[in-house]
Amino acid sequence: FDPYGETFLENSRVNEIKIFADSVLKWTAENGTEENELIVGYNLTLKKIKVFAEKLNEVCDFAVENGYGLAGIGD
C-alpha cells in the first residue's frame with residue numbers, strides 16, 4: 001500500500017483486508033484491559049480500534065458479496 005497515494009485492490013484480494021480486520025478484532029478481544037502508550041499517544045482507545053475493524057469487515061463483506069474491489073486514497 002502507498003500511504004500517500006491511491007491504492008486499489010481487486011475483488012480477489014479483498015479477503016486479505018478482511019483477514020487483517022479479523023486479526024485486529026481478535027487483538028482487541030485479547031487485550032481488552034490493556035491500552036499501551038502508543039494507542040494513547042494517537043488518541044485512540046481499544047473501542048475506537050474495534051469499531052474501525054468492525055466497519056472495515058462490513059465493507060469487505062459488501063465488496064466480496066457484490067464482486068467489488070476496494071479503493072483507498074492515502075493521507
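**Salt bridges**

I searched the whole structure, which is a predicted model, and found three salt bridges, a salt bridge being a side-chain nitrogen of Lys or Arg within 4 Å of a carboxyl oxygen of Asp or Glu.

I looked up Asp61 and saw that it forms a salt bridge with Lys18, with the closest N and O atoms 3.2 Å apart. This pair links distant parts of the chain, since Asp61 lies in helix H3 and Lys18 in helix H1 (residues 14–30), 43 residues apart; helices here are DSSP runs (H or I, at least four residues), numbered from the N terminus. Lys18 is buried at 19% relative accessible area, while Asp61 is partly exposed at 31%, where buried means under 20%, exposed over 50% and partly exposed in between (1.4 Å probe, protein chains only).

I then noted Glu30 and Lys26, whose side chains meet at 3.9 Å, N to O; both lie in helix H1, four residues apart, about one turn of the helix, and both are exposed.

For Arg13 and Glu16 I recorded a salt bridge of 3.0 Å, N to O, with Arg13 partly exposed at 41% and Glu16 partly exposed at 43%.

**Confidence**

I checked pLDDT, the predictor's confidence in each residue from 0 to 100, and the protein chain averages 86, with 88% of the residues scoring at least 70.

**Conventions**

I number residues from 1 along each chain as its sequence is written, and side-chain values use heavy atoms, with hydrogens and water left out. Local features need pLDDT of at least 70 and side-chain atom pairs count only at pLDDT 80 or more, whereas totals for chains, interfaces and linings use all residues.

Methods:
Helix = DSSP H or I, 4+ residues; strand = E, 2+ residues; numbered from the N terminus.
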